[in-house]
Amino acid sequence: MYKIGRIFLFRVPEEVELIKYLTEFAIRNNIKMAYLSGIGAFSEVKMGYFVREKNAYEPIEYNRLMELISLTGNISIKEGKPVPHIHVVLGDRHGHTVGGHLLEAKVYMVEILVVELLGPILERQEVAPGIWFWPETKL
C-alpha cells in the first residue's frame with residue numbers, strides 16, 4: 001500500500017518545542033505521510049491520557065528532566081496541513097516509567113527518525129469535538 005520515500009535521521013535543537021518543530025519540518029520538506037521514531041530526553045513534557053467519557057485528554061505534566069525511552073508516531077494530514085501524532089514512554093531517575101499521548105515537550109536532547117511514506121494520503125477527520133481519527137481502512 002505504501003512505499004518508503006525519503007529517510008531523515010537528525011538531532012532536534014535543544015530547547016525547542018518538539019511538536020511545533022516536527023510540524024515545521026514536515027511543511028518545509030513537503031512531507032504528507034511519515035512514520036516517526038525517537039529517543040532522548042525532555043526538560044519539560046505534557047502528555048495526555050484520553051478520557052473517553054469526556055472526549056478529551058487529561059493532561060499529565062512533568063517539569064523536570066525525563067528520559068525519552070521511546071517515541072513512536074506518525075505524520076498525516078489534518079485540515080490540509082501535516083500534523084504529528086506521537087505517543088511516548090518516559091522514564092525518571094528512579095527507573096519508573098509513564099506513557100501517553102504527547103501534547104507538548106521542551107527538548108533537552110532528542111534524536112528522531114522520519115520515514116516518509118508514499119501512497120494514499122490519510123487525512124484526519126473530526127469524529128467528535130476535538131477528536132480526530134483517520135477514516136477506517138477496508139483491507
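Modeller: Buried means under 20% relative accessible area, exposed over 50%, and partly exposed in between (1.4 Å probe, protein chains only). This is a predicted model, in which local features need pLDDT of at least 70, side-chain atom pairs count only at pLDDT 80 or more, and totals for chains, interfaces and linings use all residues. Residues are numbered from 1 along each chain as its sequence is written, and side-chain values use heavy atoms, with hydrogens and water left out.

Colleague: Is F42 buried or exposed?

Modeller: F42 lies in strand β2; strands (E, at least two residues) and helices (H or I, at least four) are DSSP runs, numbered from the N terminus. Because its relative accessible area is 0%, F42 is classed as buried.

Colleague: How many residues does the largest nonpolar core have?

Modeller: A nonpolar core is a set of buried Ala, Val, Leu, Ile, Met, Phe, Trp, Tyr and Cys residues joined through side-chain atoms within 4.5 Å. F42 is among the residues with the most contacts inside the largest such core, as are F10 and L18. Elements giving two or more residues to this core include α1 (18-28) and β6 (97-118). The core has 29 residues.

Colleague: Which residue in β3 stands opposite M47?

Modeller: Strands pair if DSSP finds at least two bridges between them. Seven bridges join β2 to β3 (residues 56-62), and the two run antiparallel. The residue of β3 opposite M47 is I60.

Colleague: Is H101 buried or exposed?

Modeller: H101 is found in strand β6. Since its relative accessibility is 13%, H101 counts as buried.
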